[in-house]
Amino acid sequence: MPVVSHAKPKSGADQLADALGELGVGVAFGLPGVHNLPIWEALADTGIQLLGVRHEQTAAYAADGYARATGKLGVAIVTTGPGAANTLAAVGEAQASGSPVLVIATDIPSTLRRPGTVRGVLHETSDQAAMFAPLTKGQYTVGGPEEIAGATLAAARLALRPQSGPVYLGIPTDFLSAAAKRAPDPADLTPVPEPLDLGRARELFERAERPLIWAGGGALRAGAGAVIGELAEKLAAPVLTTFAARGLLPPEHPCLAPNSVHTPEVGALWDEADLVLGVGTDFDGLMTQNWLMPQPPTLVTVNIDAADAAKNYQPDLNLVGDARAVVTALLGELPAKDGLEKLTARLRRMSAAVRRRIREDEPQAADFLGTLEEVLPEDAILVSDMCIAGYWIGGFHRIPGPRKLAYPMGWGTLGFGFPASIGSAAAGAGRAVCVTGDGGFLYGVGDLATAAQEDLRVTVVVVEDGGYGMLRFDQEHSGLPHRGVDLVGPDFVAMAKSFGVRSERVKGFGRAFRRKLSAFIQADEPNVLVVEAAMRPPLNTSPRWYRKER
């Protein structure tokens, strides 16, 4: 976009606001601090809503939830030192899950910085950007007010560029008030595969008798669902989706395998495949049961990053490029195979077998999943935390479409669910429904105030089992006594009501739960439904993986 010249130079904060406007940012999340108040002032004169939260970690989680719900840039604006540091757990989750999040943090005034010395300035850190280095795609520290707009655009482009992820932008606070002319901005390119490699891939597909498509988060973020579905039908190939790719294909797609690959019925698809096409995935340990799934006889990968595609299973052919563009190119001259009807019938039988397994293994989970499927509207965004109910969702809930599930199994951050649901609700893409445990909810419970103040359309389902249920199971599984897992908790209903948030309690996942959840998600205001229940963890949790070291 061309740079607009101004007769009078704008302040650094105004230039930041202009850049965020050019990026199409509609909502940002933040917490005010003495160093970043000029940003709040500058954004007040724009159409950008800066939604105030009660903890900086919530700001970053909410930005992540917003990014997952929309596919757009999520923005967190925080203050210097401890404010910036408070975002780190959430930034790590965004990195592991490929969420395009821009963390904008102020730093101490440039005039007070002395290289190599920590002088004791308020909120001073020896190297604030260095805290973010292991957890972000890149770190930018602005060298002058004239660089703010350009650095903001560059940082946002980096965050959004596949593989997407979080980026840190640090701005010394004195630059926000200083006036300066804007410096020019830079651009970039996405790699594309060689035509010869595309031809070789088509030959491999034509020879394969039992092909399988394994689609990951990169495929979903690239918007590749439709073309992957078309390719699967041409190849008569089942499609397995990772946790990050749930909803890539609609539940009724004829080639979509039931979740989860952690069940023996579905895992057999991998074992018998003579060719696996991995799209937008790195075949992580959580999905492959720590790589106990055998190396496929032939592996073709589609990934924007060749090293990422090859770090866990060695591909015979790696097609480097955008997932949607590459799969579209593969479709070009590929002949259709027979066997689609037979495959669809097999997958239906497999789905029924998995549902029977769930009912026999944990009847409460079957009731819980059945209720979600029955009462959640198609536009609802389901946000789960690291809790047993969340693991059941990530493994087995039928997600109706892309970006309708946010699940923290990138980094596995407890406390993700409720703060991320604030961002999802602020996106306005559908009611956010958060499923969290009693332990994880307490991490960010103060932001019930944010939900109430902003009148967000979010329903929080708190599954109360008296502590950390997954860790309790781990200890019991290992024959150990309970240590640190049985917790004294508050009266969640009374606490929610103290924030002015409607709340009720039910026991178990039976009719009362179904009736209350249905009513709560139809409401316009935020609400909290507390469910007293304890469930056995599903097969997609590591203590219950069926593949074992030999």
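This is a predicted model: local features need pLDDT of at least 70, side-chain atom pairs count only at pLDDT 80 or more; totals for chains, interfaces and linings use all residues.
## Helix α16

Helix α16 covers residues 340–361. It has 22 residues, so at 1.5 Å a residue it should span 32 Å. Its end C-alpha atoms lie 31 Å apart, which agrees.

Part of this helix is hidden. Leu343, Thr344, Leu347, Met350, Ser351, Ala353, Val354 and Ile358 are buried. An α-helix has 3.6 residues a turn, so residues three or four places apart point the same way.

## Phe205

Phe205 sits in helix α9, which runs over residues 195–207. Is Phe205 buried or exposed? Its relative accessible area is 1%. The cut-off for buried is under 20%, so Phe205 counts as buried.

Which residues does Phe205 touch, leaving aside neighbours within four places in sequence? They are Leu235, Leu275, Leu277, Leu330, Leu334 and Lys337. Val276 is 71 residues away from Phe205 along the chain, yet their C-alpha atoms are separated by 9.4 Å.

## Two nonpolar cores

In soluble globular proteins, nonpolar side chains tend to be buried together. The largest nonpolar core here has 93 residues. Within that core, Ile228 and Phe368 touch the most other members. Leaving aside neighbours within four places in sequence, Ile228 contacts Ile213, Ala215, Ala219, Val239, Leu248, Val279 and Val327.

Another core lies apart from the largest one. It holds 42 residues, among them Phe132, Phe418, Ile422 and Met495.

## Two helix pairs

Two packed helices are described by the angle between their axes and the distance between the axes. Take α11 (residues 225–235) and α15 (residues 323–331). Their axes come within 9 Å and cross at roughly 30 degrees. Angles under 35 degrees count as roughly parallel, so α11 is roughly parallel to α15. The crossing is left-handed. On the α11 side, Val227, Ile228, Glu230, Leu231 and Lys234 take part. They meet Arg324, Val327, Thr328 and Leu331 of α15.

Now take α3 (residues 56–70) and α19 (residues 417–426). Their axes are 6 Å apart, and the angle is about 50 degrees. The two helices are therefore oblique to each other. Their crossing is right-handed. From α3, the contact uses Thr58, Tyr61, Ala62, Gly65, Tyr66 and Ala69. From α19, it uses Pro419, Ala420, Ile422, Gly423, Ser424 and Ala426. Ile422 is also a member of the core of 42 residues.

Technical notes:
Residues are numbered from 1 along each chain as its sequence is written. Side-chain values use heavy atoms; hydrogens and water are left out. Helices (H or I, at least four residues) and strands (E, at least two) are DSSP runs, numbered from the N terminus. The expected span of a helix is 1.5 Å times one less than its number of residues. Buried means under 20% relative accessible area, exposed over 50%, partly exposed in between (1.4 Å probe, protein chains only). Contact means heavy atoms within 4.5 Å. A nonpolar core is a set of buried Ala, Val, Leu, Ile, Met, Phe, Trp, Tyr and Cys residues joined through side-chain atoms within 4.5 Å. Axes are lines fitted to C-alpha atoms, for helices over the stretch in contact, and angles run from 0 to 180 degrees between N-to-C directions. Angles under 35 degrees count as roughly parallel, over 145 as roughly antiparallel, 65 to 115 as roughly perpendicular and the rest as oblique. A crossing is left-handed if the near helix is turned anticlockwise from the far one by less than a right angle, and right-handed if clockwise.
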